[in-house]
Amino acid sequence: MELREIEIFLTLAEELHFGRTAERVRLSQARVSQAIRTQERRIGAPLFERTSRTVRLTAVGRQLRDDLQPVYAGLHASLDRARLAARGATGRLRVGMMPFNVVDLHGYWKEFRRRHPQWELEIRQLVYLDPFGRLRDGDLDVLVVWLPVEEPDFTVGPVLLTDPRILAVSADHELADRTTARLDMFADFQHAMPPAMPDYWEDGYLPFHTSRGRAIERGEPVTNAEELINRVGMGEIVHGFPSHVTRHWGMPNIRWIPVPDLATLSYALVWRTASENEAIRALADTVRDLGTHRF
């Protein structure tokens, strides 16, 4: 297998979804399917069991995944170190973003790069799939995520931004003409959230109940921002956002309504305590020195 083919296989083995795999490896679903079929012909056995609803590894696929993962990780790390050395850098700091990387946050990244040119800073926008797992697996060094974070193996660092809350509805929604919305109204409509989030963390973003004890219903989970906002625009759901999304999306079919009785969101740096290093501490110091941005 070529390196790209290994990447496609391992990504599909992790996602077990051709659409998400295509998004991550930046190929069409047809190209991903073609690459997997080519690998299966070479090996002489199916690597995945596919139905209209599920994708699962076969026994041969699981063995190949287990054999390839350490080899791929080692080769990828070696190539990364060589590329960094060629650019005069001594290391890389990978930061995963749950908020949008709006221009208001760029001051932190620019100041870190000015202070520490020896470290390459890589900012990644995350899909809504297990960000804590990616941090624990070593795919990321630092997360920027909303609080509270109460994971015993994580360190919660300084807050980058605090953000008031807004409700996104379609332009023809019954709430579209309101100047404000209340949390109690959320129970009247369908919402959506990412899958498999810790309950306390999900509740910190979208409470499970209103102040009067009414359930705020979740529908089918979403895994990326585009799917989420498209479902809002089609009138299938409403969704509470931090207000910074309005700096990213200017959409005539969406109305943004302030929700003054929903607590502001604070986004902080978070990292695995056992993986803390000089570069992580330097980024945290940079954020502390510049202070919290308030939208």
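Me: What makes Trp 201 count as buried or exposed?
Reply: Its relative accessibility is 1%. Buried means under 20% relative accessible area, exposed over 50%, and partly exposed in between (1.4 Å probe, protein chains only). So Trp 201 counts as buried.

Me: What kind of model is this, and how are residues numbered?
Reply: This is a predicted model, where local features need pLDDT of at least 70, side-chain atom pairs count only at pLDDT 80 or more, and totals for chains, interfaces and linings use all residues. Residues are numbered from 1 along each chain as its sequence is written, and side-chain values use heavy atoms, with hydrogens and water left out.

Me: Why is the pair of Trp 146 and Trp 201 called stacked?
Reply: The structure holds 11 aromatic pairs. In this one, the ring centres are 4.1 Å apart and the planes are at 10 degrees. Rings of Phe, Tyr and Trp (its six-membered ring) pair if their centres lie within 6.5 Å; planes under 30 degrees apart count as stacked, over 60 as edge-to-face and the rest as tilted. So Trp 146 and Trp 201 are stacked.

Me: Which parts does the pair of Trp 146 and Trp 201 tie together?
Reply: Trp 146 lies in strand β5 (residues 142-146), and Trp 201 lies in helix α7 (residues 199-205), so the pair ties together parts that are 55 residues apart in sequence. Helices (H or I, at least four residues) and strands (E, at least two) are DSSP runs, numbered from the N terminus. Trp 146 has 4% relative accessibility, so Trp 146 counts as buried.

Me: Which residues do ring pairs link into a cluster?
Reply: Phe 132, Trp 146, Phe 154, Trp 201 and Tyr 205.

Me: How do you know that Arg 165 lies over the face of Tyr 205?
Reply: A charge sits over a ring if NZ of Lys or CZ of Arg is within 6 Å of the ring centre and within 35 degrees of the ring normal. Arg 165 is at 4.7 Å from the ring centre of Tyr 205. Arg 165 lies over the face of that ring.

Me: What makes the link between His 244 and Asp 163 a polar contact?
Reply: Their side chains are joined at 2.8 Å. A polar contact is a pair of N or O atoms within 3.5 Å; within protein, one must be able to donate a hydrogen and the other to accept it, and residues adjacent in sequence count only if both atoms are side-chain atoms. His 244 is found in the loop between β8 (239-242) and β9 (254-258). At 1% relative accessibility, His 244 counts as buried.

Me: Why is the contact of Arg 92 and Glu 120 called a salt bridge?
Reply: A salt bridge is a side-chain nitrogen of Lys or Arg within 4 Å of a carboxyl oxygen of Asp or Glu. Here the N to O value is 3.0 Å. The pair links strand β3 (residues 91-97) with strand β4 (residues 119-125), and the two residues are 28 apart. Arg 92 has a relative accessible area of 23%, so Arg 92 is partly exposed. Glu 120, at 22%, is partly exposed.

Me: How many salt bridges does the structure hold?
Reply: The structure holds 26. Among them is Glu 15 with Arg 24, the closest N and O atoms being 2.8 Å apart. Glu 15 counts as buried at 11% relative accessibility, whereas Arg 24 counts as partly exposed at 31%.
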